2 protein chains.
Amino acid sequence: MRIGVDVLGGDFAPDSTVLGSILAYKEIHSDVKLVLIGDEIKIKEICKREHFDSSVFEIVHTTEFIGMGEHPAKAYAQKPNSTIALGFKMLASGEIDGFASAGSTGAMLVGSMYTGKVIPGVIRPTIAISAPNVGLNPTVILDAGINPDAKQDVLFQYAILGSLYSQYVYEVKNPRVALLNIGSEEEKGNLVVKATYQLLKDSKEVNFVGNIEGNELFHIDKADVVVCDGFVGNVVLKEAEAFYHLFKKRNINDEYLEKFNFENYGGTPILGVDQVAIIGHGVSQKKAIRTMILHTIHVTQAELTNKIKEAFKKWQKYEQLLQE
Amino acid sequence: MRIGVDVLGGDFAPDSTVLGSILAYKEIHSDVKLVLIGDEIKIKEICKREHFDSSVFEIVHTTEFIGMGEHPAKAYAQKPNSTIALGFKMLASGEIDGFASAGSTGAMLVGSMYTGKVIPGVIRPTIAISAPNVGLNPTVILDAGINPDAKQDVLFQYAILGSLYSQYVYEVKNPRVALLNIGSEEEKGNLVVKATYQLLKDSKEVNFVGNIEGNELFHIDKADVVVCDGFVGNVVLKEAEAFYHLFKKRNINDEYLEKFNFENYGGTPILGVDQVAIIGHGVSQKKAIRTMILHTIHVTQAELTNKIKEAFKKWQKYEQLLQE
């Protein structure tokens with residue numbers, strides 16, 4: 001297995017990314033090859049400084065990258081030798097099996113949908129955040145911010161994508177899916193959420209456990225997957241970040257609350273596209289990069305993309321029927 | 001000034017409500033009369049037990065109340081002698097100037113719109129929560145859950161209602177209004193939020209400071225008023241409750257974080273209706289009831305309802321034009 005790493009992506013690159021790759025290398029099986037995409041001279045310099053043999057990595061040299069302030073689609077088109085564009089080119093040609101970047105989220109999405117492709121049947125790809133849970137496994141919250149105006153069919157597909165992620169990556173049997181809502185009753189919510197409730201209730205594919213309210217998040221083990229639109233999901237996840245900032249400001253150190261340090265998160269896959277692309281947090285330091293790389297290997301090994309393809313075959317048939 | 005208190009409303013009534021009224025009485029000016037609406041025998045029993053002279057209160061006797069599980073509109077119609085129905089009747093006749101209840105939120109809304117009335121020009125009344133802020137004043141977040149499908153004209157009016165609340169009740173000069181969004185840029189958000197941004201940007205009535213993101217809540221003093229629809233507002237406020245539960249479970253005691261104990265909150269006014277009606281939390285204990293009563297007096301003294309009426313005169317004219 002070959003995993004590409006964007007060495008120039010993230011606020012602290014290339015130090016964070018090379019050091020993170022070194023940390024990850026020490027934990028991975030010999031059949032995994034890390035392919036570092038970035039400035040060869042700098043990669044070798046950093047390795048040398050660390051007394052680490054850079055020849056264990058494969059290096060694809062480039063000095064071009066897409067900055068955080070650039071327009072993702074324009075920059076992606078204008079910079080074919082940027083780390084992200086090269087990463088997706090190598091995914092498409094099969095030179096790598098998974099790709100991880102803490103660089104521009106927008107450019108990662110552009111790459112996954114244009115150089116890569118959306119899995120047939122999937123209406124809208126999504127990104128899922130694995131949030132802390134008092135139970136054994138993290139809670140997968142999706143959409144984390146890509147589709148702020150998602151309709152019920154899209155939200156219903158998020159339930160399926162989230163279930164597959166929870167099942168194959170976190171090994172949760174029959175994941176419990178809850179709909180984020182403003183009350184426990186079926187008739188609560190806005191129009192889209194009410195319609196989604198009906199789709200989920202009638203579904204045989206999803207283990208739907210009903211609504212979950214904001215005050216049931218994080219401290220009760222009620223669901224493995226939480227479905228919401230990208231607007232609500234983004235606000236929820238960023239509010240958790242706000243509380244983490246508060247803990248730090250108030251000098252509170254607590255093992256469980258430390259899990260809300262999203263900077264240490266390993267990254268989130270783009271679900272619903274035909275390749276393994278993992279987006280890391282822009283502020284990632286070496287430990288977060290290490291976790292992102294290990295998570296990319298994990299998602300690749302779980303063959304999540306194939307599982308999603310299989311699950312969405314029925315939608316593909318439906319789409320074909322519509323086109324006939 | 002005469003303030004009505006629903007003695008039978010809330011999970012711990014009538015103990016919580018009578019004891020809370022006694023606490024409030026000790027702090028109020030002699031020109032404020034507390035009118036306790038509820039079971040006279042029980043009120044007198046509890047006062048006797050506390051060695052407190054019940055004659056300082058005016059008592060309006062009834063044993064009927066609207067339960068939390070009842071359908072608000074039906075129960076309100078069928079129980080004209082319930083504490084909430086009596087409260088709104090007394091508000092309408094001018095027998096009381098403000099009314100506070102920790103009972104059924106739904107019945108309070110029904111009462112405020114049917115026995116009371118919506119201020120001309122206001123499209124949708126709202127409830128605003130005063131959330132903790134690291135600055136001097138609480139942040140007014142609205143809507144807290146009444147209108148989950150609010151459109152841009154409604155959200156724009158929330159900005160005005162929230163500004164008036166912040167200005168006259170918390171005495172904030174020229175309150176800063178922010179739009180809850182998923183990015184700092186103008187073009188971010190869902191369709192409704194983008195349209196609201198344009199209305200706020202062009203407005204001379206609102207001191208609009210732009211978008212606020214979830215990770216800027218509670219630990220940065222960025223805004224006095226935060227505008228969102230009732231779905232998002234409800235999720236945000238309940239998520240803060242979830243974190244408060246987490247603190248308690250982790251045995252964290254911190255002065256600032258203790259402010260997130262919404263059980264101690266004094267209650268929230270229904271903004272946009274032509275009377276002062278304050279809704280308390282159902283789980284209110286005596287301290288929360290005390291704060292709710294003091295807040296009701298405060299809102300009544302601030303003449304908030306009159307300020308809102310004046311501000312909305314222009315919308316009323318617009319409505320008249322539409323009808324002509």
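1. Domain bounds, as the term is used here, come from an automatic or database domain assignment. The model under review is a predicted one, and in its chain A that assignment separates domain 1, which takes in residues 1-120 + 272-303, from domain 2, which covers residues 123-264.

2. Between domain 1 of chain A and domain 2 of chain A, the C-alpha centres are 27 Å apart. The contact between these domains involves 16 residues of domain 1 of chain A and ten residues of domain 2 of chain A. On the domain 1 side, helix H5 (105-114) and helix H10 (286-301) of chain A each contribute at least two residues, and the largest share, five residues, belongs to H10(A). Sorted by class, this side of domain 1 of chain A, where it touches domain 2 of chain A, consists of nine nonpolar, six polar and one charged residues.

3. As for the relation of the two chains, chain A is superposed on chain B by a rotation of 180° with 0.0 Å of shift along the axis, at an RMSD of 0.0 Å. The two copies are thus related as by a two-fold rotation axis.

4. The contact between the chains draws 33 residues from chain A and 33 residues from chain B. On the side of chain A that touches chain B, the elements giving two or more residues are helix H8 (230-249) and helix H9 (255-258) of chain A, with H8(A) providing the largest share, 13 residues. The class make-up of that side of chain A is 16 nonpolar, eight polar and nine charged residues. Of the interface residues of chain A, 100% are also interface residues in chain B, so the copies meet through the same surface.

5. Within chain B, a helix pair deserves a separate comment: helix H6 (residues 152-169) of chain B packs with helix H10 (residues 304-311) of chain B at an angle of about 140°, their axes being 10 Å apart. Because angles over 145 degrees are needed to count as roughly antiparallel, H6(B) and H10(B) are classed as oblique to each other. The crossing in which H6(B) passes H10(B) is right-handed.

6. The residues making this helix contact are, from H6(B), Ile160(B), Leu161(B), Leu164(B), Tyr165(B), Tyr168(B) and Val169(B), and, from H10(B), Leu304(B), Lys307(B), Ile308(B) and Ala311(B). By class, the residues of the contact of H6(B) with H10(B) comprise nine nonpolar, no polar and one charged.

Technical notes
Residues numbered from 1 in each chain as written. Chains lettered and ligands numbered in written order. Predicted model: local features only at pLDDT ≥ 70, side-chain atom pairs only at ≥ 80, totals over all residues. Least-squares fit on C-alpha atoms with pLDDT ≥ 70 in both. Contact = placed C-beta atoms within 7 Å. Axes fitted to C-alpha atoms, helices over the stretch in contact; angles between N-to-C directions. Helix = DSSP H or I, 4+ residues; strand = E, 2+ residues; numbered from the N terminus. Parallel < 35°, antiparallel > 145°, perpendicular 65-115°, else oblique. Left-handed = near helix turned anticlockwise from the far one by under 90°. Nonpolar A, V, L, I, M, F, W, Y, C, P; charged D, E, K, R; others polar.
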